Amino acid sequence: MAAEALKLGVRTYQWTLRPVIGSHCRFHPHCSAYAIEALSAHGALRGAALSARRVLRCHPWNPGGYDPVPAPKA
């Protein structure tokens, strides 16, 4: 339930702010798509932590590149 609310927040960002400020993510998939995938795969707590860590790494001194969401631990 909490993960769905967080995903709704990310989708709201994608539809409202992102078209205005543009997409400048250095990674693929871009940070908001990564957040939705992380929340779906790992749930609210771990998904939010993975998403926050990703956004903090998205800066001009990081080379970026392909950075998939890690697989859930069995």
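**Surface, salt bridges and pocket**

Guide: Leu17, Val20 and Ile21 make up a nonpolar patch on the surface, with about 310 Å² of accessible area together. Such a patch takes residues with over 30% relative accessible area and no salt bridge, nonpolar side chains (Val, Leu, Ile, Met, Phe, Trp, Tyr) being joined within 5 Å and like charges within 9 Å; the areas come from the Shrake-Rupley method with a 1.4 Å probe, and for residues only the protein chains shown count as cover. This is a predicted model, in which local features need pLDDT of at least 70 and side-chain atom pairs count only at pLDDT 80 or more, while totals for chains, interfaces and linings use all residues. Residues are numbered from 1 along each chain as its sequence is written, and side-chain values use heavy atoms, with hydrogens and water left out.

Visitor: In which helix is Ile21 found?

Guide: Helices (H or I, at least four residues) and strands (E, at least two) are DSSP runs, numbered from the N terminus. By that assignment, Ile21 is found in helix H1.

Visitor: How many salt bridges does a search of the whole structure find?

Guide: Side chains of opposite charge can pair when their charged atoms come close. The criterion for a salt bridge is a side-chain nitrogen of Lys or Arg within 4 Å of a carboxyl oxygen of Asp or Glu. Applied to the whole structure, the search returns three.

Visitor: Lys7 and Glu4 meet in a salt bridge; is Lys7 buried or exposed?

Guide: The N to O distance for Lys7 and Glu4 is 3.0 Å, and the two residues, three apart in helix H1 (residues 2-21), are separated by about one helical turn. Buried means under 20% relative accessible area, exposed over 50%, and partly exposed in between, with a 1.4 Å probe and protein chains only. Glu4 is partly exposed at 46%, whereas Lys7, with a relative accessible area of 8%, is buried.

Visitor: What is the volume of the largest pocket?

Guide: On a 1 Å grid over the protein atoms alone, a pocket is an open set of points with protein on both sides within 12 Å along at least five of seven lines, and lining residues have an atom within 4 Å of a point. Grid points are joined across faces, edges and corners, and a volume is the space filled by probe spheres set on the points. For the largest pocket, this volume is about 180 Å³.

Visitor: Which element supplies the largest share of the lining of the largest pocket?

Guide: The lining includes Tyr13, Arg18, His24 and Val55, and H1 and H2 each supply at least two residues. The largest share, four residues, comes from H2.

Visitor: Is His24 buried or exposed?

Guide: His24 sits in the loop between H1 and E1. With a relative accessibility of 65%, His24 counts as exposed.

How values were computed. On a 1 Å grid over the protein atoms alone, a cavity is a set of points where a 1.4 Å probe fits but cannot get out, and a pocket is an open set with protein on both sides within 12 Å along at least five of seven lines; lining residues have an atom within 4 Å of a point.
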